[in-house]
Amino acid sequence: MLITALNGLAAAATLFLLASGLTVIFGATRIVNFAHGSLYMLGAYLGWSILARLPHTPWGFALGAVATMAALALFGALLEIGLLRRIYRAPELFQLLATFGVVLMVQDVVQHLWGPAELSLPRPPWLRGFVLLGGARYPRFDLIVIAVFPVLLGALWLGFTRTRWGVLVRAATQDRDMLAALGVDQRLLFTSVFALGAALAGLAGILALPDGSADLTMDLSAVTDAFVVVVVGGLGSLSGAALASLLLGMLQSFGVLWLPRASLVLAFAAMAMVLALRPNGLLGRPLAGRGVGEVVAFIRPAPRALRLAGWFALGAAACAPLILGPYALSVLMEMLIAMLFAASLHLMMGPGGMPSFGHAAWFGIGAYAAALAVHALAAPLPLALPAAVLLAAFAAAAFGWFVVRLSGVYLAMLTLAFAQICWAIAFQWGDVTGGDNGILGVWPGLGVRGFYWLVLALCAGGTLLLRRVLAAPFGHALRASRDSSLRAEAIGLDTGRLRLAAFTLAGAAAGLAGGLYAFAEGSVFPTYISLQRSVDALLMVLLGGVQTISGPILGAFAYTGLYDTLLSLTDYWRFVLGAMIIVLVLAFPQGLAGVRLPGAAR
Amino acid sequence: MSVLRVERLRKSFGGVQAVRDVSFAVEAGEMLALIGPNGAGKSTCFNMLNGQLRPDAGHIDIAGRDTAGLPPRAVWRLGVGRTFQITATFASMSVRENVQLALLSQHREVWRLWRPAAARHAAAAEALLAQVGLAAQAGRAAAVLAYGDLKRLELAIALANAPRLLLMDEPTAGMAPTERVAQMRLVRDLASARGLAVLFTEHDMDVVFGLADRILVMNRGALIAEGNGEAIRAHPEVRAVYLGTGATSGGH
């Protein structure tokens, strides 16, 4: 019991190291730093290299930790000056995307420099030391980690209340514009806040080394944990982050005891419960208006030429099996499925106004539902696909019930966290999902051509249906809820129910796309729910233009083509893709909606 | 029976009593102006009337039903149209579509998923727009309208469900002086012709004294005076806190 509690405290300390940096950065700059996990990973790898060159003593470790923090602070400062400073006024989704670009680039850089293998520290005697506590042995190092928590909390508290710098940061957290009007140069302030956050992430990284290792997946798992903590505690609230770290750390360590399989689900359930009762987190305040110029475009019906082109493309796609070989057909199928997937996300984030950073969740749920129906229940395709749609719709409705009342950042972070948890379940629940090996042998029982036509019919039909819904009264009412929920409620619209319906519909369509994908590939893997897939969908929608109805269709085709080309050209596709995302965001900081691309027709 | 009857309405924010024991009534066909200095509690009052805020205490009777605590959409269903101090319209839609949506909602058709919305109630929407003088702008994006035209659009939207009560929070703010009187004269005519009850706040004293049947004056959350233009102009406390002792702004 005591040991479990101590483990919980140690987990809480690590969570707090990560979350405090994230929440302080958010508070001051209003940027949700997706790359926070990457800073943590860099801290672990850099720390590993630095410690390897220092004596393996406590003092050597302390020196290494300080050096790592200094290096990360420098890196963080450069990141802020080079990238984030330029996008403070961009829509939040673009900020998330840009920092995700950093995540991709750091992944490839780390893999290039340190290699793909896990790195662990040699463990000198002082690290292996134990302390006797109530008859049980407890690692001494973990006690040090636990001690970091109150020390850090105290230091941050003193820093924020007793120094001029801290007062300015808190002022910026409350009202940036007012602080600017008072003549305070915020650039240095924000850079220093970011450097501090990065240093804390680096410290978390190096402290993770003795009990574990540095590996290439630690960035995303860390940032998901940190998001959950920050959301539960309240965005921008330091004491909230401390409280939430304690809560979730304890939940994690006791959860493993009671429900070994469900510890992640437990964390998620806690988060859902907190947000249902307190939509701004435990100690968070409602976010003040961000004053961000979200461009709302005037939506018109598609011109006749575009419609004709669309029908012509559909006709050509229907004839394709008569001309093309199996490989070309499989590429086309991938594009068609991407189209439906992107259109479903577009419904949610465009007209629905709900930016989702975890749309892969519904895709993956659909894929796994179809595969499990085939495998466990021996269901044929005509039963497996409806199962995929229904399960995804049901999950989306249940999850949507919690999140449709939330706005921008909270929604994006929660959808992301939910998708990561679905991913973890697919990954860990090996008995059912096959874990990393996935589920193989999910074949449609149709010829290539027959299946292609089915995919074409369902994807084109589904996409057209979504378009039809958007032009129907429901679609108008949904857009109205986004444009002005105040006015929408004042003319009798139930904005919450409208959004929930859109969320469910989008989940169902994504589930259908996922189910079809499972059959097209003949298998399902946890990567179907990966963050990468969510971001793929986001990029397709953004590439085509969020504010257009035809955008996601064109975006899906363009992006799938681009992506396949990139994969075949270079091993460092993550680096290139990340760099492209960043360039895209820097070039169009107001979103592509402000730009008229040739593809941005309605 | 009064269309709107408010009894001992109360609302506090923290330690501040924004609205204290306010009671009044509006009859059908009557235009009632609610005036007072900034921070008097006028908007808080409005927000309680249409359900955006829940009163701490008191009753709000609309056409014989107690609506305190009902959400705005339920209050709207009882026949209450609302315009906002800062206009709220749907920026991604055309002017006509803005009004059409209100009509769709009134006919309980917003959950239809199949037939396009474009043609539904188009003629009725055009008629409403013509009424407020926006017919020529029907096809334009609501987002590009001038502020005065947005106020007119809000009025058209508010009229879409043939309301029995119209709540207008600073309906002419941002309009040119001549437009103001024209806009409120239109409302005056509607009120008389349809027996529409209108409650509005306004800082333009020409509009208030020229068109309102009765005037309520609020200060620091409480009603300090009630009466016709002459009585209000002569009221010493109103002159002290709002009109100014020179009382020239009424200017007749």
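A: Because this is a predicted model, everything below describes computed coordinates, beginning with the meeting of the two chains. Between chain A and chain B there are three salt bridges, and one example to look for is the pairing of the side chains of D494(A) and R73(B), where N and O lie 3.4 Å apart.

On the side of chain A that touches chain B, the elements giving two or more residues are helix 19 (448-471), helix 20 (473-483), helix 21 (485-490) and helix 22 (495-521) of chain A. Helix 20 of chain A gives the largest share of that side, namely eight residues. Sorted by class, the side of chain A that touches chain B holds 19 nonpolar, three polar and nine charged residues.

Taken as a whole, the contact draws on 31 residues from chain A and 34 residues from chain B. The area buried between these two chains is about 2900 Å², and carbon and sulfur atoms give 66% of that area. Within chain A, the residues that lose the most area to chain B are P473(A), R487(A) and I491(A), which together account for 24% of what that side buries.

Now to the packing inside chain A. Two packed helices are described by the angle between their axes and the distance between the axes. For helix 6 (residues 140-162) and helix 7 (residues 164-174) of chain A, the axes come within 5 Å and cross at roughly 85°, and these two helices are therefore roughly perpendicular to each other. In this contact, G159(A), F160(A), T161(A) and R162(A) of helix 6 meet residues of helix 7 that include R164(A), W165(A) and V169(A). By class, the contact of helix 6 with helix 7 of chain A has four nonpolar, three polar and three charged residues.

A second pair is helix 1 (residues 2-29) and helix 10 (residues 218-233) of chain A, whose axes come within 9 Å and cross at roughly 70°, which makes helix 1 roughly perpendicular to helix 10. Here L15(A), L18(A), A19(A), L22(A) and T23(A) of helix 1 meet residues of helix 10, among them A222(A), D225(A) and F227(A). The contact of helix 1 with helix 10 of chain A has nine nonpolar, one polar and one charged residues.

Technical notes:
Residues are numbered from 1 along each chain as its sequence is written. Chains are lettered from A and ligands numbered from 1 in the order in which they are written. This is a predicted model: local features need pLDDT of at least 70, side-chain atom pairs count only at pLDDT 80 or more; totals for chains, interfaces and linings use all residues. Side-chain values use heavy atoms; hydrogens and water are left out. Contact means heavy atoms within 4.5 Å. Buried area is the accessible area (1.4 Å probe) that two parts lose on being put together, summed over both. A salt bridge is a side-chain nitrogen of Lys or Arg within 4 Å of a carboxyl oxygen of Asp or Glu. Helices (H or I, at least four residues) and strands (E, at least two) are DSSP runs, numbered from the N terminus. Ala, Val, Leu, Ile, Met, Phe, Trp, Tyr, Cys and Pro count as nonpolar, Asp, Glu, Lys and Arg as charged, and the others, Gly among them, as polar. Axes are lines fitted to C-alpha atoms, for helices over the stretch in contact, and angles run from 0 to 180 degrees between N-to-C directions. Angles under 35 degrees count as roughly parallel, over 145 as roughly antiparallel, 65 to 115 as roughly perpendicular and the rest as oblique.
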